[in-house]
Amino acid sequence: MSPATDALAFSEATSSEVFAERMTPGKGGQLPLLMAAVAKHTHELIKEFRPTQDDWRRVIAFLTAVGHASDERRQEWVLLSDLIGASALVEEINSRRPKGATPNTIRGPFFRSDVPERSRGSSISLDGVGEPLCVAVRVIDLDGQPIPSAELITWQANAQGLYENQQPDLQPEHNLRGLFHTDADGRVNYRTVMPKGYSVPDDGPVGHLLAAAGYPLHRPAHLHFVVRAAGFETITTHVYDRNDSHLHEDALFGVKPELVRDFRTAGADASQTKQVDFTFVMVRARPERAK
């Protein structure tokens with residue numbers, strides 16, 4: 001029998017099997033299996049909802065618009081992954097840690113890797129706009145021992161709930177971002193301003209789609225952190241303001257009890273600067289996950 005007649009015929013019943021059959025066994029590691037699974041689930045959705053040709057063209061148009069909305073300052077694909085819970089699920093699967101260790105959350109779409117190093121005690125607020133906040137951080141291991149020279153990257157929204165790369169013409173470059181290194185006792189302190197909670201960007205295709213579906217797009221006020229140290233698993237996480245009214249409906253599924261803190265005023269004088277303290281607890285990296 002010829003290959004043409006021996007192959008499965010494409011039909012509604014066999015569509016995903018026909019796709020999988022064309023993969024080259026042993027080539028690309030897990031990629032053929034992953035692609036076959038993606039195709040299978042996509043075909044199952046199509047069979048379940050039975051979209052018209054126009055419906056499917058609208059899906060393609062949406063995906064195209066997401067690509068067009070992504071550039072070096074804005075990553076709409078990351079936003080889509082975050083808002084449907086895919087990013088949070090990947091973190092849950094890949095960063096299980098023992099009790100007492102700081103949990104991971106997602107990095108989010110506004111991270112920048114080109115963060116300038118700043119000295120301990122300095123301010124990351126380059127425009128000085130907002131209510132002053134002092135941040136005191138300590139980095140330790142599971143035994144409570146300090147981790148000196150750990151790298152700590154932080155970034156946040158401003159007092160209007162906007163990141164610097166959302167407002168490149170209104171905020172200074174690298175505003176409210178900084179890279180620090182812990183001292184011999186594992187400590188870093190710096191000055192900033194109170195972050196404000198915000199709605200995730202709704203001016204692009206992802207925001208338009210989810211807003212139309214009635215999905216809550218709120219994020220409670222928070223600070224972002226990435227903490228790295230040789231021999232330890234990297235921590236990517238948030239610290240949340242306990243008093244934010246949207247703490248229970250974070251659009252990016254990042255709120256965990258261990259990450260909620262009081263952004264408090266020190267002393268009885270309400271005019272004093274607010275402060276927040278947080279201790280990051282790192283775990284030793286397994287050999288296959290050393291970074």
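**Notebook: pockets and a surface patch**

I looked up the second largest pocket and found 17 lining residues, of which Q75, V78, R107, G108 and P109 lie nearest its centre. I note that this is a predicted model, in which local features need pLDDT of at least 70 and side-chain atom pairs count only at pLDDT 80 or more, while totals for chains, interfaces and linings use all residues. Residues are numbered from 1 along each chain as its sequence is written, and side-chain values use heavy atoms, with hydrogens and water left out.

**Entry 1: second largest pocket.** I recorded the term: on a 1 Å grid over the protein atoms alone, a pocket is an open set of points where a 1.4 Å probe fits, with protein on both sides within 12 Å along at least five of seven lines, and lining residues have an atom within 4 Å of a point. I read a space of about 230 Å³ for the second largest pocket, the volume being that filled by probe spheres set on the points. Its lining divides into 4 nonpolar, 5 polar and 8 charged residues; Asp, Glu, Lys and Arg count as charged, Ala, Val, Leu, Ile, Met, Phe, Trp, Tyr, Cys and Pro as nonpolar, and the others, Gly among them, as polar. Helix α5 gives the most to this lining, with 3 residues; helices here are DSSP runs (H or I, at least four residues) numbered from the N terminus.

**Entry 2: largest pocket.** I found about 360 Å³ of space in the largest pocket. Its lining includes L34, M35, H41, F49, P51, W56 and V59. The elements that give two or more residues to this lining are α3 (31–49) and α4, and α3 gives the most, with 8 residues. By class I noted 9 nonpolar, 2 polar and no charged residues.

**Entry 3: nonpolar patch.** I then listed a nonpolar surface patch of I46, W56, V59, I60, L63 and W77, with about 480 Å² of accessible area together. Patch residues have over 30% relative accessible area and no salt bridge, nonpolar side chains being joined within 5 Å; a salt bridge is a side-chain nitrogen of Lys or Arg within 4 Å of a carboxyl oxygen of Asp or Glu. Areas come from the Shrake-Rupley method with a 1.4 Å probe. Helix α4 (residues 53–68) supplies the largest share of the patch, 4 residues. V59 lies in α4 and is partly exposed, at a relative accessible area of 34%; partly exposed lies between buried (under 20%) and exposed (over 50%).

**Entry 4: M23.** I placed M23 in the loop between α2 (15–21) and α3. M23 is partly exposed, at 24% relative accessible area.

Definitions and conventions:
Patches are made of residues with over 30% relative accessible area and no salt bridge: like charges are joined within 9 Å, nonpolar side chains (Val, Leu, Ile, Met, Phe, Trp, Tyr) within 5 Å. Buried means under 20% relative accessible area, exposed over 50%, partly exposed in between (1.4 Å probe, protein chains only).
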